[in-house]
Amino acid sequence: VQLQASGGGLVQAGGSLRLSCGASGSFFSINGMRWYRQAPGKQRELVAAITSGGGTNYADSVKGRFTISRDNAWNTVYLQMHSLKPEDTAVYYCNAEAFDNTRRWNDYWGQGTLVTVSS
């Protein structure tokens, strides 16, 4: 299973970006999908998560500004980010649980996409 993330870039504070992450390869089903981020010198943190049924949860730091969504037909998860702040600067990683050819649920990670917010 491969996760391909895209959509990162440089944006001014207050701006918006939309990240996308599509899953491809051999799998039967995708369960939870998540976005994490890791800023320089900091640990990776969970930003937002969405279940296969559409239930969501967010880190307190992004509530009201970020929205996670998914398209199950295309096995793709999105992160719409508004009112970006310099502290949102990080490499953003997508993560997904996939029921793959091992007949087990396994965890997969995308390659990361850099978001830089200038002040």
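**Exercise 1. Classify Trp109 by its relative accessibility, then examine the rings and charge around Trp109.**

Solution. Trp109 has 37% relative accessibility and therefore counts as partly exposed. The classes are buried under 20% relative accessible area, exposed over 50%, and partly exposed in between (1.4 Å probe, protein chains only). The model is predicted: local features need pLDDT of at least 70, side-chain atom pairs count only at pLDDT 80 or more, and totals for chains, interfaces and linings use all residues. Residues are numbered from 1 along each chain as its sequence is written, and side-chain values use heavy atoms, with hydrogens and water left out.

Next, take the ring pairs. Rings of Phe, Tyr and Trp (its six-membered ring) pair if their centres lie within 6.5 Å; planes under 30 degrees apart are stacked, over 60 edge-to-face, and the rest tilted. In one of them, Tyr36 and Trp109 are tilted, with 4.9 Å centre to centre and 55 degrees between the planes. Tyr36 belongs to strand β4 and Trp109 to strand β10 (residues 105-109), 73 residues apart. Strands here are DSSP runs (E, at least two residues), numbered from the N terminus. Tyr36, at 19% relative accessibility, counts as buried.

Last, look for a charge. Arg44 lies over the face of Trp109, 4.8 Å from the ring centre; the rule asks for CZ of Arg within 6 Å of the ring centre and within 35 degrees of the ring normal.

**Exercise 2. Describe the largest nonpolar core and the place of Leu79 in it.**

Solution. Such a core is a set of buried Ala, Val, Leu, Ile, Met, Phe, Trp, Tyr and Cys residues joined through side-chain atoms within 4.5 Å. The largest one has 31 residues, and Leu79 is among those with the most contacts inside it, as are Trp35 and Phe66. Elements giving two or more residues include β1 (2-6), β4 (27-38) and β9 (90-100). β9 gives the most, with five residues.

Leaving aside neighbours within four places in sequence, Leu79 is in contact (heavy atoms within 4.5 Å) with residues including Leu17, Trp35, Val47, Ile68 and Tyr92.

**Exercise 3. Give the strand order of the four-stranded open sheet and find its edges.**

Solution. The order is β1-β3-β8-β7, with antiparallel pairing. Strands pair if DSSP finds at least two bridges between them. β1 and β7 each have a single partner strand, so one side of each is left without a neighbour in the sheet. Between β1 and β3 there are five bridges, and Leu3 stands opposite Ala23 in β3.
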